Amino acid sequence: MGIEIDSHKLMYHPERVAEWKKNKDCYPIYVEIGPTNRCNHRCIFCCYDFFVNKTGINIDREVMLRTLKEMAEKGVKSIMFAGDGEPLLHKNIIEFVEKAKEFGLDVSITTNGSLLDDEKAKKILPHLSWIRFSVDAGTSETYAKVHGVSAENFNKLIDNIKNAVEIKKKNNLNVIIGVQFLLIPENIPDVLKIAKIAKQIGVDNLQIKPYSQHPDSINKFVVNYKDYAYLAPELEKFNSTNFKIFFRKQTIKRIEEGNIYSKCHGLSFFTLIDAKGDMLPCSLYYGNQDLIYGNLYKNSFQEIWEGEKRKKIIEKISSNVSNCRHGCRLDVINRYLHRLKNPQEHDNFI
């Protein structure tokens, strides 16, 4: 299936890495966008529980479309609609997906899936590289507990995923449909159950992800993953030509190991855009007004990215990795870039 998990893909962008090495900066390859901070679930593991805005904010349609076009023009390769809310709650999400693909961006969505009805699925799926459903349970009872919704929502979600699979097959779409399961004590008994369900309904993959504590998060979960190592061989039994389970063992190892680099070099290759139109370094700085690169209502993507404020912020925070979230999105990239910056003795013997 050609999907790489628990790794990175910077080696497939040598020109951008070379630009970064030469200029100490470059335009990002990948951008995560939170089109709304509203959410219809109240997950007990939500790492943004400290940042919930009850009033609800949606990014402006014109601002988003203008930014998507500009990002593509400046060399951004891919985007994911996710953020600190449920992206399908934005009334213009279908247009955002369609236009982003039209502008030349690879597009993906992470969603709780409750709002992906037949109409949305038929309009969105043809333009996506992948879609990932956060399920995190194998029974309606567990789903209700961990997602903070009524139990009947579980069967509705499974039906929505089934429908997405049917639309993909019927129209021969080149979109990867995945299920995500964040491993916490409350749902560990459901791991093999969701594996069976995911394979039966025909999704392409299931990711079993470890919990990573956001420094500002209110919730606190403690999982000793050594106690659940037995799951790996059991899950491998479900693998087939058309279905793959990714048990994120390397991510678990990195979370337990902690950061092995002294500087976050990955900030040049990535940025976040939130529902207010703020551009920021990563999820660690949600809500921190002093560390926002700029706002897309006031300045263009190019003006913000090339501006002195962003450079000063990166200079300020890039060496402060001791407070970073272990196993964060940029962790693997940072390990790779750290090695490029600090070559070892026999690296020239390829």
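# A chat about a predicted model

Trainee: Which helices each supply at least two residues of the lining of the second largest pocket?

Mentor: α1 (14-23) and α11 (308-317) each do that. Helices (H or I, at least four residues) and strands (E, at least two) are DSSP runs, numbered from the N terminus. A pocket, on a 1 Å grid over the protein atoms alone, is an open set of points with protein on both sides within 12 Å along at least five of seven lines, and its lining residues have an atom within 4 Å of a point.

Trainee: Before we go on, what kind of model is this?

Mentor: This is a predicted model, where local features need pLDDT of at least 70 and side-chain atom pairs count only at pLDDT 80 or more, while totals for chains, interfaces and linings use all residues. Residues are numbered from 1 along each chain as its sequence is written, and side-chain values use heavy atoms, with hydrogens and water left out.

Trainee: Back to that pocket, what is its volume?

Mentor: The second largest pocket has a volume of about 310 Å³. That is the space filled by probe spheres set on the grid points, which are joined across faces, edges and corners.

Trainee: And which residues lie nearest its centre?

Mentor: Of the 14 lining residues, Lys 24, Lys 263, Ser 268, Ile 314 and Ser 318 lie nearest the centre. Helix α11 gives the most to the lining, with four residues.

Trainee: How many of the lining residues are charged?

Mentor: Seven are charged, next to four polar and three nonpolar ones. Here Asp, Glu, Lys and Arg count as charged, Ala, Val, Leu, Ile, Met, Phe, Trp, Tyr, Cys and Pro as nonpolar, and the others, Gly among them, as polar.

Trainee: Let's look at Ser 318, is it buried or exposed?

Mentor: Ser 318 counts as buried because its relative accessibility is 2%. Buried means under 20% relative accessible area, exposed over 50%, and partly exposed in between (1.4 Å probe, protein chains only). Ser 318 lies in the loop between α11 and α12 (331-341).

Trainee: What does its side chain reach?

Mentor: The side chain of Ser 318 reaches the backbone oxygen of Ile 314 at 2.8 Å. Leaving aside neighbours within four places in sequence, Ser 318 is also in contact (heavy atoms within 4.5 Å) with Ser 262, Lys 263, Cys 264 and Leu 267.

Trainee: Zooming out, how many helices and strands are in the chain?

Mentor: The chain has twelve helices and ten strands. Buried residues make up 54% of its 350 residues.

Trainee: Which residues have the most contacts inside the largest nonpolar core?

Mentor: Leu 68, Ile 79, Phe 81 and Leu 206 do, in a core of 103 residues. The largest share of this core, seven residues, comes from α6. A nonpolar core is a set of buried Ala, Val, Leu, Ile, Met, Phe, Trp, Tyr and Cys residues joined through side-chain atoms within 4.5 Å.

Trainee: What does Leu 206 touch?

Mentor: Not counting residues up to four places away in sequence, its partners include Val 179, Phe 181 and Phe 246, and among them are also Ile 194, Ala 195 and Ala 198. Ile 194, Ala 195 and Ala 198 are among the buried residues of helix α7 (residues 191-201).

Trainee: Which elements do the buried residues of α7 pack against?

Mentor: They pack against α6 (152-171), β5 (176-183), β6 (205-210), α8 (231-236) and β7 (244-247). After α7 comes Gly 202, with a positive phi near 90°.

Trainee: Where does a residue other than glycine have a positive phi?

Mentor: Asn 172 is one, with phi near 50°. Asn 172 lies in the loop between α6 and β5 and is exposed, with a relative accessible area of 69%. Asp 136 is another, at about 65°, in the loop between β4 (130-134) and α5 (140-147). Asp 136 counts as buried because its relative accessibility is 0%.

Trainee: How many residues of α5 are buried?

Mentor: Six of its eight residues are, so α5 is mostly covered. Tyr 143 and Val 146 are among the buried ones, and β4 and α6 are included in what covers them.

Methods:
1 Å grid on protein atoms, 1.4 Å probe; cavity = no way out; pocket = protein on both sides within 12 Å on 5 of 7 lines; lining within 4 Å. Polar contact = N/O pair within 3.5 Å; in protein donor to acceptor, adjacent residues only side chain to side chain.
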